[in-house]
Structure formats: structure tokens, C-alpha cells
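Please look through the sequence and the three-dimensional view below before reading on.

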Amino acid sequence: MTMQKSYCKQMRYSGPESLAPKDQDKFDVLIQMEVLSGCEQACLGCFVDKNIDPGMNQQIIDRAKELADGVKRTGLNLREFVIGPTDFFTASNTESVLNNETVQEIMREHTGARIAAPAKFDVATMERVQEIFNILDDEDKFRREMIIEFIMPIGKVDQMLNDIVYHQEVMRKVKFFKENTPKQMDWSWTLQASNVVGKKIDKETYNKIIQKSVNEYETIVEMNPAFSRANSQLVQRKNLFGWNEFLGRVIDEGNSNETVMSMANLYCNSINFVGITIVPGENGPTTHLNVMLHEQAFFLKNKNLDVTGLTFEEILDRKHELVTKGINRSSKVKDCNGCQFAVACANRLIFEAQESLNIDGCVLNKDVLDHYNPFDFTWNDDALKKLGEAS
Ligand code: SF4
């Protein structure tokens with residue numbers, strides 16, 4: 001068993017924010033593939049196409065391999081290989097994707113990479129979990145101690161908080177992860193914009209979710225708005241504003257440390273991160289740069305972010321161009337001009353989100369960002385030494 005000691009700690013510190021300042025030029029790369037088809041869940045406000053045609057899957061996987069090879073060529077680090085968009089346990093073709101030799105090759109070649117997947121293991125049968133792990137634990141296919149991260153949407157808040165039988169069922173699966181597989185397992189809850197906006201979760205309920213998660217489920221809640229996947233710009237904007245309002249209402253000094261807001265941390269997923277998503281398009285797979293807006297998001301219709309056909313090196317160039325463009329734009333947007341977060345936002349391609357959503361102003365909640373980015377400390381050890389403030 002190579003179970004990680006604390007899901008909570010592991011999830012909280014496993015991103016590039018944990019790199020020392022001297023390693024901040026080591027880009028982390030996330031490659032996400034939309035290849036899973038079918039899903040038996042009915043999550044509130046589900047934003048993905050549950051029935052994508054898997055006919056294009058081999059092309060998508062080959063494109064992922066091409067990009068993963070580019071990551072290796074450029075000396076960067078593949079951190080996450082996301083297999084989605086539907087539930088890992090009830091999609092009709094999870095086995096076929098996991099048995100794909102190119103997928104296995106990618107994971108063999110990138111020993112620091114994890115497979116990350118949306119997974120409702122709370123409602124999966126034990127038999128189904130076993131079936132999937134029979135493939136993952138076959139050492140002819142995947143490395144023995146490969147990392148797997150499941151991201152589980154919180155469905156019914158009341159059930160997650162108060163249903164003892166449900167809690168036992170979730171923990172039964174967690175026990176399986178601890179005792180029945182040599183894989184390094186991570187999992188976290190995710191709270192999605194649709195759940196928040198649709199259900200009006202108040203601060204008391206939010207705090208209960210956070211506490212229950214850390215104390216009884218032994219993991220953390222990740223914030224994953226995913227509003228950019230909504231069909232219309234109107235709904236995207238509504239979800240975004242609803243999400244920002246929600247964060248402002250529930251997050252305070254006392255609970256900000258209990259939640260992973262990878263997007264809100266300036267170190268995380270900005271200068272040292274590139275996220276790329278491959279989806280089935282009308283005439284073959286299309287590839288898109290992710291925008292790190294709270295969490296990863298992508299805007300299929302934004303031409304600047306469309307990097308279909310580009311090599312990995314060209315994608316890096318495109319990202320740099322968009323960062324420069326964003327920094328230039330920041331001085332022209334009233335909210336952003338002089339904002340202390342402007343450079344980080346540019347690196348997260350946030351200004352492309354402003355364009356895609358047709359919003360000429362802040363798309364984040366700055367009060368919330370303040371909790372995660374204290375500007376009254378010098379963050380770099382080398383800088384401290386220069387200032388003579390460290391021995
Ligand atoms: S989007 Fe908001 S946080 Fe980012 S630079 Fe503009 S005002 Fe600042």
C-alpha cells in the first residue's frame with residue numbers, strides 16, 4: 001500500500017505552488033482529453049456533453065501524446081492528465097480509454113503525472129470500482145505507484161452532510177483506495193457553480209461542508225465553477241457573477257485556509273502553468289488553451305485560445321503572446337489598471353475570459369483574492385536575503 005498520509009494535505013500542496021521560488025520556471029502542464037462518453041449521473045446543472053461520439057477518441061489520444069512528447073522535449077513537467085468529461089465509473093468507454101496503449105505510454109513516460117478524473121465513486125458499486133482498478137493495477141499497463149486523483153462533485157448537500165449511510169459508503173471506497181490498490185490516491189470534493197448558484201448555499205452550510213469534509217471525509221473541497229462550459233454567454237456570465245458573489249459571502253479570514261482555491265493563489269497555476277484541453281470538433285479534434293479562472297476553464301469559441309494544429313512549442317509561444325496582450329489590456333480596463341493582481345491575471349489568461357464573456361471589468365472577487373495573496377510579505381527567500389532580513 002502506498003497510500004498518501006493525508007488526502008487533505010496532499011491535495012492542498014500538490015500543485016506548482018509547492019515549488020520553491022528557484023524552481024518557479026519549471027512549468028507544470030495539464031493536458032485534458034474529452035473522451036469519455038455516457039454517464040448515469042444527473043448532477044445539478046451538468047455542463048458537459050454526456051454523449052460525445054467516441055469515434056474521434058484515437059485522434060484525441062494521439063494529439064495528447066504529441067503534446068505530452070512536447071512537454072518532455074521542452075523539459076517541462078506533465079502534472080495532470082485529465083480524462084473526462086463524464087463520470088469515470090459510469091461512462092460507457094472508461095475501460096477502452098484505460099486499455100488504450102497510447103494512454104498507457106503517456107503515463108509510463110511521465111512518472112510525475114497523475115491521472116485526474118471526475119468520478120462519482122460515492123454511488124459506484126464496489127464491483128465497478130474493482131473492475132476499473134483491475135485495469136489500473138495491471139502492471140503491464142500502468143506503473144504500480146502512479147497517482148490517481150478523483151474529483152467528486154457534491155451532489156445533494158444534505159446527503160453529504162447528514163446521511164450516515166452515505167458517509168459510510170463513501171468511506172468504504174476510501175478504505176478500498178487505502179488498502180486494495182498500490183496506487184497513490186488523491187480525492188477531493190468539488191463544489192460547482194451550478195450547485196452554488198442553483199441552491200443558494202449559505203455561509204453556515206458552506207462552513208459545515210468544509211468542516212465535514214476535512215474532519216470526517218478526510219479531504220478538502222475544491223472550488224470548480226466550470227461556468228465557461230455553459231452553452232450561452234448569458235448563462236456563463238450569470239454563473240460567474242453568482243459564483244463571485246457566493247465566494248464573497250462565504251469566505252472569510254477564519255475559513256479561507258480550509259478551502260483549496262488553487263486559482264486564487266498567485267503562485268498557483270499562473271506563471272508556471274499551462275493547461276490544454278482537447279475536444280472532439282466538427283472536423284477532427286480541436287485543442288484549446290485553458291483559462292485559469294478560479295479553476296481551469298476553457299472557451300471553445302475564443303480564436304486566440306484555439307491552438308489546434310500547433311506544436312507544443314508554438315502553444316507556449318501563443319501563451320506568451322496572450323500574456324503580453326493581457327498585460328497591455330490590463331492598463332486599459334478601469335478595474336484592472338494598477339490592480340496588484342494584473343500580472344497574475346494576465347498569466348492565467350484571465351483577460352481572454354474578459355473578452356470571451358464581453359466583460360470590461362474585473363471577473364474575479366478581489367476581496368476573496370486578498371485572503372489568499374497577502375501582499376505585505378516578501379515571498380522570495382532570495383529577495384529576503386538581499387534585503388538583509390534573513391540570515
Ligand atoms: S480581473 Fe480583477 S483581479 Fe484581475 S487584474 Fe482585473 S481587477 Fe485585478
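L30 lies in strand β1, where a strand is a DSSP run of E of at least two residues and a helix is a run of H or I of at least four, both numbered from the N terminus. With 22 C-beta neighbours inside 10 Å, L30 counts as buried; a residue is called buried if 20 or more other C-beta atoms lie within 10 Å of its own, exposed if 12 or fewer, and partly exposed in between, with C-beta atoms placed from the backbone. The C-alpha atoms of L30 and L78 are separated by 6.2 Å, although the two residues are 48 residues apart along the chain. Leaving out residues up to four places away in sequence, L30 touches R79, E80, V82, G275 and Q296, contact being defined as C-beta atoms, placed from the backbone, that lie within 7 Å of each other.

Q32 is found in strand β1, which covers residues 28-34, and Q32 counts as buried because it has 22 C-beta neighbours inside 10 Å. Its contacts, apart from neighbours within four places in sequence, are V82, G84 and T277. From C-alpha to C-alpha, Q32 and G84 are 7.4 Å apart in space, while 52 residues separate them in sequence.

## The model as a whole

This is a predicted model, in which local features need pLDDT of at least 70 and side-chain atom pairs count only at pLDDT 80 or more, whereas totals for chains, interfaces and linings use all residues. Residues are numbered from 1 along each chain as its sequence is written.

The protein has 15 helices and 10 strands, and 45% of its 391 residues count as buried. Among the contacts with a separation of 6 or more, 78% are between residues 24 or more positions apart.

## Helix α9

The 13 residues of helix α9 (residues 203-215) should span 18 Å at 1.5 Å a residue, and the end C-alpha atoms are 18 Å apart, which agrees; the expected span is 1.5 Å times one less than the number of residues. The buried residues of α9 are Y206, I209, I210 and S213. Seen down the axis of α9, these buried residues fall within an arc of 95°, so they line one face of the helix, the arc being that of the directions from the helix axis to the C-beta atoms.

What covers the buried residues of α9 includes α6 (157-162), β5 (184-192), β6 (221-224) and α10 (233-250). On the other side of α9, E204 and N215 are exposed.

## Backbone details in the loops

The peptide bond from G84 to P85 is cis, with omega near 5°, and P85 is found in the loop between β2 (77-84) and α3 (94-98).

L349, in the loop between α12 (342-347) and α13 (350-357), has a positive phi of about 65° although it is not a glycine. Is L349 buried or exposed? L349 is buried, with 28 other C-beta atoms within 10 Å. N358 also is not a glycine and has a positive phi of about 55°; N358 sits in the loop between α13 and α14 (366-372) and counts as exposed, with 9 C-beta neighbours inside 10 Å.

## Around the ligand

The residues around the ligand are S330, D335, C336, C339, F341, A342, C345, I350, C362, V363, L364 and K366, where a residue is near a molecule if its C-beta atom, placed from the backbone, lies within 6 Å of it. This shell divides into 9 nonpolar, 1 polar and 2 charged residues. Here Ala, Val, Leu, Ile, Met, Phe, Trp, Tyr, Cys and Pro count as nonpolar, Asp, Glu, Lys and Arg as charged, and the others, Gly among them, as polar.

Technical notes
Two residues are in contact if their C-beta atoms, placed from the backbone, lie within 7 Å.
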